[in-house]
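Please look at the sequence and the structure before reading on.

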Amino acid sequence: MSPHPRASSSVVSLLLSAALLSACGEDSLPLDRPKPTAFRPTEVPANAELASTPGFADQAGGGVFATASGSLVRLRLDGSLGALEPHPGNTVAAGTVKGVFRMGPHSAVVEAQNGLFVAESGWLIAPPWRDALGAGVTATAQSADGAGWLAHTSGLYRLQEGTLAALKVGGSPITGITALAAAPAADGSPGVWFLRDGTLNVAVATGATTYQVREASAPLDEGEVVESLAGLGPAVGTSGELWLLTNQGLLRRANSGWRRVDLGERPVQLLASGRFLWVKSSDALLVFDADANTWGVATDLDTREFRFLAADEAGTAWVQLGGQSVAVSRAPVPRVSGLYQGMQVVEDGLVAHAVLPPGAPPESLVFQVDGNDVPTSGPQYSLGGSESDGTPKAYSLAGLEAGRHALAVVARFADGTEAKRTVPFEYQPLATAALGWQADIRPIHESRCAKCHTTSPGRPLNTYQLWKANAALITAAVRDKRMPADGPLDPQLITRIQRWAASGALP
């Protein structure tokens, strides 16, 4: 499909080379036979009849789904409906919704009657690159560098900083992709794995805008074929891992290499988000917590008519059981706002809030940073920021070294039990890189802001002096996803503006 003329400047082709990846298998593949712990799942039905199409769930406790009638709804974790409105910059209505595909911790691509849209923070957005692609999304993923990846009937595309790039091998598009998963490549480099015409491949970055596509070899038995993929995100001590669903079972590729996982029954569906993997076997629903390295199996759950819709990083899966759509979790856990899975944190005064799980209140709630308790008080539980009288709270991230860390929220109850939510993040303090308007901010202004903020219709922001004078307003607008008018910036660009403003708004 040829790009629309208005979008051609934002669609580039990245020339790729193809290389054969040497076989990863060994003579004797390690075998895991986990013994899942039975749990009675927490079930929350949706207050809407959802379609049997992919949906999106976020770690804050809700998601965006297509209804059986073809409309788009935003659900909260309690099953109620949240706000979802067309963005003020939209020029076209979505029409009947066909599916929703995850693109990051709080955004999704919506495929609708009138093309592709982005759902984010309660807005339905018509992005500039939508004219380059019509219907035909088959899978999506987000790689470790924050880029979004779209497998489409017309090829494989990478979306970053508002630019849509088509990956090609020998000048030809990469079509026939049925599954995508972000996970490290065989050499440890960040990679995006995909299943193409039954063959396993991985795209590995070799430069800022170049990728090498390799045909990969998994340690399959005779007659074994890969049916689906899933990727678990990075955490402290690991850069993530790849899981394969085959016609015979499960294969796992973590830091130590390939392993076979035998659950006793053949798995038939696979879905992952964050550090949680959900598996549907012939008659059971199982969940793997990669941080705790434990398996659980749901009891008293009729899975004869079952379909995954979405999963979130906090360990909840949205599923269809018969004709009902339900959010299923192992147990209620605290939710975290202000910090999302894999986020790059640049301000040592970041504020993270904890939202208590439903049910009886805990005796105490603490934050943990890399396993160390940081006490907090309610009813507004938070880490960092200021007390009610405006004085700084006792804890900030300033003492951490740059690199990957984990923030956990632990609710401790009178009966000795506890509920825990862990969020890995990257800390890159401001002092590690000084940003300037000319080199770092002006390109964002010219590509995303200038058309409205040079003379009109928005306030003029076409000089360094104007950006510096309005730095607080600009930071708030991009952080809250209110600007740009044609859709929010990528998280990396929002972070760049925040870092520039917080480090002195240098020229």
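The cysteine C452 counts as partly exposed, at 24% relative accessibility, where partly exposed lies between buried (under 20% relative accessible area) and exposed (over 50%), with a 1.4 Å probe and protein chains only. This is a predicted model, in which local features need pLDDT of at least 70 and side-chain atom pairs count only at pLDDT 80 or more, while totals for chains, interfaces and linings use all residues. Residues are numbered from 1 along each chain as its sequence is written, and side-chain values use heavy atoms, leaving out hydrogens and water.

**Cysteines**
- The structure holds zero disulfides, a disulfide being a pair of cysteine sulfur atoms within 2.5 Å.
- The sulfur of C452 lies 8.8 Å from the closest cysteine sulfur, that of C449, which is too far for a bond.
- C449 is buried, with a relative accessible area of 12%.

**Aromatic rings**
- The whole structure contains eight aromatic pairs; rings of Phe, Tyr and Trp (its six-membered ring) pair if their centres lie within 6.5 Å, and planes under 30 degrees apart count as stacked, over 60 as edge-to-face and the rest as tilted.
- F65 and W318 form a tilted pair, with 5.1 Å centre to centre and 50 degrees between the planes.
- Both F65 and W318 are buried.
- One aromatic cluster is formed by W243, F288 and W295.

**Charge over a ring**
- R130 lies over the face of F117, 4.4 Å from the ring centre; the criterion is NZ of Lys or CZ of Arg within 6 Å of the ring centre and within 35 degrees of the ring normal.
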